[in-house]
Amino acid sequence: NSASQPTSADFIANGSPTPDFTYVVSGGDGTYQLYAWAMDSDGNISAEPATISVEVDATSPTVQSIARADADPTGAGSVNFTVTFSEPVFNVDATDFIADETGSLVHGTPTVTETDPSTFNVAFNVTSGEGTLSIDLIDDDTITDGLNKLGGTGAGNGNFTLGDAYT
């Protein structure tokens with residue numbers, strides 16, 4: 001992008017030391033450069049603009065996958081799942097996951113560890129029994145990318161129930 005010096009018709013806020021204005025971005029997510037020139041009371045426009053970089057993020061994060069992180073079948077005392085999001089997210093914790101089990105399987109509460117900002121490990125201790133174990137992510141609108149909620153605003157629209165299972 002390049003900037004060209006504006007005319008007085010391009011100014012929407014003047015006369016105020018801290019003008020407020022709205023700029024509508026129609027190009028979608030990305031980094032945009034805004035150029036601002038100063039104009040004095042005689043109508044002289046500054047030769048060089050001040051450049052402001054603006055990051056636009058209107059895309060809500062989603063769950064891409066929930067995959068087994070260990071060999072299957074397993075008789076191990078704990079199992080791990082890798083949960084991958086479409087972009088870095090915040091506020092992922094044990095309350096976001098529920099176990100989906102069959103048979104006589106008995107397990108503990110999940111432990112969630114961030115692997116990187118878009119990947120998390122969810123571990124379960126298995127205390128006894130036999131059966132299958134998978135996990136579901138239940139969207140309660142607490143997981144965000146800093147601006148947008150998982151699946152968009154509204155609890156449940158970011159749920160993910162199609163992950164791998166251990167047998």
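Of the contacts in the protein chain with a separation of 6 or more, 61% are made by residues 24 or more positions apart, where contact means heavy atoms within 4.5 Å. The structure is a predicted model, in which local features need pLDDT of at least 70 and side-chain atom pairs count only at pLDDT 80 or more, whereas totals for chains, interfaces and linings use all residues. Residues are numbered from 1 along each chain as its sequence is written, and side-chain values use heavy atoms, with hydrogens and water left out.

The protein chain holds ten strands and zero helices, and its pattern along the sequence reads β-β-β-β-β-β-β-β-β-β; strands (E, at least two residues) and helices (H or I, at least four) are DSSP runs, numbered from the N terminus. Of the 167 residues in the protein chain, 27% are buried, a class defined by a relative accessible area under 20%, with exposed set at over 50% and partly exposed in between (1.4 Å probe, protein chains only). The protein chain exposes about 9900 Å², of which carbon and sulfur atoms supply 50%; accessible areas come from the Shrake-Rupley method with a 1.4 Å probe, and for residues only the protein chains shown count as cover.

Strand 4, which spans residues 78-85, is mostly covered, since six of its eight residues are buried. Strand 4 runs antiparallel to strand 3 (residues 63-68), to which five bridges join it; two strands are taken to pair if DSSP finds at least two bridges between them. Within this pairing, serine 65 has threonine 84 of strand 4 as its bridge partner. Strand 4 also pairs in the antiparallel sense with strand 8 (residues 119-128), over seven bridges, and here threonine 82 stands opposite asparagine 121 in strand 8.

A further group of three strands forms an open sheet in the order 5-9-10, with antiparallel pairing. The edges of this sheet are strand 5 (97-101) and strand 10 (165-166), each of which pairs on one side only. Strand 9 (residues 133-137) pairs with strand 10 over two bridges in the antiparallel sense, and leucine 133 has tyrosine 166 in strand 10 as its bridge partner.

Two aromatic pairs are found in the structure, where rings of Phe, Tyr and Trp (its six-membered ring) pair if their centres lie within 6.5 Å, and planes under 30 degrees apart count as stacked, over 60 as edge-to-face and the rest as tilted. Phenylalanine 81 and tyrosine 166 form an edge-to-face pair, with 5.1 Å from centre to centre and 70° between the planes. This pair links distant parts of the chain, as phenylalanine 81 lies in strand 4 and tyrosine 166 in strand 10, 85 residues apart, and both phenylalanine 81 and tyrosine 166 are buried. The ring centres of phenylalanine 85 and phenylalanine 120 are 5.7 Å apart and their planes stand at 90°, so this pair is edge-to-face. Phenylalanine 85 in strand 4 and phenylalanine 120 in strand 8 are 35 residues apart and likewise link distant parts of the chain; phenylalanine 85 and phenylalanine 120 are both buried.

Alanine 69 is located in the loop between strand 3 and strand 4 and counts as partly exposed because its relative accessibility is 39%. Alanine 69 and threonine 82, 13 residues apart in sequence, are separated by 5.8 Å in space, C-alpha to C-alpha. With its neighbours within four places in sequence left aside, alanine 69 is in contact with Asn80, Phe81, Thr82, Asn121 and Tyr166.
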